[in-house]
Amino acid sequence: MTASTDLDTLTDFFDRYGVALTAGDLPAIAGCYALPGLVVADTYSFSFTSPAAVALSFVGAAPDYTERELIAAHADLEQIQQVSALLTMVAVRWEFLDSQGRQVAGERYRYLLRATDDGPLICTVIRTG
């Protein structure tokens with residue numbers, strides 16, 4: 001097995017992840033992560049070792065998306081870098097669509113993905129802007 005840098009595979013993965021985020025589907029979000037996983041930002045870092053911990057870390061995101069009336073997410077894959085045989089780093093700029101059909105700029109992240117038999121999974125998320 002090798003890491004997939006295939007654009008279609010990565011696009012499909014981030015499409016599923018974006019749908020799960022905007023729908024507040026915590027089990028689906030958790031299913032996108034390898035365990036243990038790590039989130040890193042300027043002022044904090046946290047790790048999780050179970051699907052329940054992943055889900056718990058996203059509990060606050062769903063109400064935020066609802067409050068902002070965000071109904072769809074699109075991941076613009078800005079850069080894809082093969083790190084090793086099983087790891088791929090993907091720079092993503094998120095764009096959202098609100099309930100009025102307006103585009104809403106999102107944030108930028110780097111995702112370290114691990115190739116598995118079931119497809120890519122997120123190992124590490126780094127907020128970049």
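Q: By class, what residues make up the lining of the largest pocket?
A: Rolling a probe the size of a water molecule over the atoms shows where empty space is left. Here the lining has 15 nonpolar, three polar and four charged residues. Ala, Val, Leu, Ile, Met, Phe, Trp, Tyr, Cys and Pro count as nonpolar, Asp, Glu, Lys and Arg as charged, and the others, Gly among them, as polar. Bear in mind that this is a predicted model, where local features need pLDDT of at least 70, side-chain atom pairs count only at pLDDT 80 or more, and totals for linings use all residues. Residues are numbered from 1 along each chain, and side-chain values use heavy atoms, leaving out hydrogens and water.

Q: How much space lies in the largest pocket, and which residues lie nearest its centre?
A: The space is about 510 Å³. Of the 22 lining residues, Phe-58, Ala-61, Tyr-65, Glu-107 and Tyr-109 lie nearest the centre. A pocket is an open set of points on a 1 Å grid where a 1.4 Å probe fits, with protein on both sides within 12 Å along at least five of seven lines; lining residues have an atom within 4 Å of a point. The volume is the space filled by probe spheres set on those points.

Q: Which element gives the largest share of the lining?
A: That's β5, with five residues. Helices (H or I, at least four residues) and strands (E, at least two) are DSSP runs, numbered from the N terminus.

Q: How many salt bridges are there?
A: Side chains of opposite charge can pair when their charged atoms come close. The rule asks for a side-chain nitrogen of Lys or Arg within 4 Å of a carboxyl oxygen of Asp or Glu, and the count comes to six.

Q: Which residue pairs with Arg-127 in a salt bridge?
A: Glu-107, at 2.6 Å from N to O. Arg-127 is in strand β6 and Glu-107 in strand β5, so the pair ties together parts 20 residues apart in sequence.

Q: Which residues are linked in a network of salt bridges?
A: Asp-76, Glu-78, Arg-93, Glu-95 and Arg-108. Within it, Arg-93 and Glu-78 have their closest N and O atoms 3.3 Å apart.
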